[in-house]
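Student: Could you take a close look at a single part of this structure with me? I would like one connected account of a strand and its surroundings.

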Amino acid sequence: MRKTLAEVAEIVKGKIVGEKTLVITGFSSIDRAQEGDLAFLSHRKYLPLARETKASAILVPLNIEVPSKSVIQTANPSLAFAQIMAVCVNKRSFHKNKGI
């Protein structure tokens with residue numbers, strides 16, 4: 001996957017705070033994210049993790065910003081993360097086990 005933050009935000013009609021042209025290349029949990037990844041923050045109590053993550057961008061609840069990180073604000077970051085993955089993940093990268 002390779003999409004700009006603006007393209008990703010359009011999928012969930014989210015509001016970007018930060019760099020719209022940032023390129024997202026993958027998905028990860030906030031504590032394991034690397035550069036290029038999109039992660040999500042489901043609750044304010046995880047803000048310390050958001051400040052330390054290596055993720056390039058974070059899906060966050062409405063009206064939350066993370067200093068020095070680009071974010072997509074949405075009403076339900078967990079749902080938005082699932083919706084984005086459903087649209088962006090290459091289904092051909094998954095395979096079925098034969099004989100099961």
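**A strand and its neighbours**

Tutor: Happy to! Five of the five residues of strand β7 (residues 70-74) are buried, so β7 is largely enclosed by the rest of the structure. Here, buried means under 20% relative accessible area, with exposed over 50% and partly exposed in between (1.4 Å probe, protein chains only); helices (H or I, at least four residues) and strands (E, at least two) are DSSP runs, numbered from the N terminus. This is a predicted model, where local features need pLDDT of at least 70, side-chain atom pairs count only at pLDDT 80 or more, and totals for chains, interfaces and linings use all residues. Residues are numbered from 1 along each chain as its sequence is written, and side-chain values use heavy atoms, leaving out hydrogens and water.

Ser70, Ile72 and Thr74 point one way from β7, while Val71 and Gln73 point the other way, and all are buried. Next come the pairings, where two strands pair if DSSP finds at least two bridges between them. Strand β2 (residues 15-17) runs antiparallel to β7 and is joined to β7 by three bridges, with isoleucine 16 partnering isoleucine 72. Strand β6 (residues 57-61) pairs with β7 in the parallel sense over five bridges, and there proline 61 has threonine 74 as its bridge partner.

Helix α3 (residues 77-88) also belongs in this picture. Its buried residues are Pro77, Ala80, Phe81, Ile84 and Cys88. Down the axis of α3 they fall within an arc of 105 degrees (taken from the directions from the helix axis to the C-beta atoms), so they line one face of the helix. These residues pack against β7, as well as β1 (3-4), α1 (5-12), β4 (26-27), β5 (37-40) and β6, contact meaning heavy atoms within 4.5 Å.
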